[in-house]
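Reader: I have a model open on my screen and would like to talk through its side chains. Could you walk me through it?

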Amino acid sequence: GMQLAFNKKEELWNALLGKKNEQLMISMKREQTATSKLRDKVNEVNQRLRDTNDHITGLNEVNQRLRDTNDHITGLDKQLAESHEAMEAYEQALGYKLHAIKPLEKPLNNDDFLKDRKHISQADREANTYDAQQMIRMQDEAN
């Protein structure tokens, strides 16, 4: 009788343990599923971070290109300013030359051009004669 009662108790105990075991298995499965979902989320966030990082790297490259372009433009501006100054100096020198020659109202035909050349040559001759006379006068005064 004692053995029977013991067996019955063991049977109940085993059944109870079986139930507990089953519940533990279900609980572990739930935990594994939750962990797996969490791992997927973490991987997804990490991928987004990598993508964002790549994007930032791209933006940095674009910024560097913009800086290079800006430096290039600054260089071109400087060259342009220098060219402009040289051009102004050239125009000024040209202005003095044009001022020295009588201003021309109309385009020259060949005859006018030759006459004008003659006029300039005449002016040169007169200036040279004057200079020569001055030199002779200064020598005379020195003697």
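Reader: Which helix holds Trp 13?
Author: Happy to start there, keeping in mind that this is a predicted model. Looking up the place of Trp 13 among the helices gives helix H1.

Reader: Is Trp 13 buried or exposed?
Author: The cut-off for exposed is over 50% relative accessible area. Trp 13 has 55% relative accessibility, so Trp 13 counts as exposed.

Reader: Nice. How much accessible area does the nonpolar patch with Trp 13 have together?
Author: Trp 13 forms this surface patch with Leu 16 and Leu 17. Taken together, the accessible area of the three residues is about 350 Å².

Reader: Which residues form the negative surface patch?
Author: One of its members is Glu 85, placed in helix H1. Glu 85 counts as exposed because its relative accessibility is 54%, where exposed means over 50%. The patch is formed by Glu 82, Glu 85, Glu 88 and Glu 91.

Reader: And which residue forms a salt bridge with Arg 48?
Author: The count of salt bridges in this model comes to 1. A salt bridge needs a side-chain nitrogen of Lys or Arg within 4 Å of a carboxyl oxygen of Asp or Glu. Here the closest N and O atoms are 2.7 Å apart, and the partner of Arg 48 is Glu 44.

Reader: How many residues apart are Arg 48 and Glu 44?
Author: Both residues lie in helix H1, which covers residues 2-100. Arg 48 is exposed at 51% relative accessibility, while Glu 44 is partly exposed at 38%. Their spacing is about one turn of the helix, that is, 4 residues.

Note on methods: Residues are numbered from 1 along each chain as its sequence is written. This is a predicted model: local features need pLDDT of at least 70, side-chain atom pairs count only at pLDDT 80 or more; totals for chains, interfaces and linings use all residues. Side-chain values use heavy atoms; hydrogens and water are left out. Helices (H or I, at least four residues) and strands (E, at least two) are DSSP runs, numbered from the N terminus. Buried means under 20% relative accessible area, exposed over 50%, partly exposed in between (1.4 Å probe, protein chains only). Patches are made of residues with over 30% relative accessible area and no salt bridge: like charges are joined within 9 Å, nonpolar side chains (Val, Leu, Ile, Met, Phe, Trp, Tyr) within 5 Å. Accessible areas come from the Shrake-Rupley method with a 1.4 Å probe; for residues, only the protein chains shown count as cover. Lys and Arg count as positive and Asp and Glu as negative; His and the chain ends are not counted. The place of a charge is taken as NZ of Lys, CZ of Arg, CG of Asp or CD of Glu.
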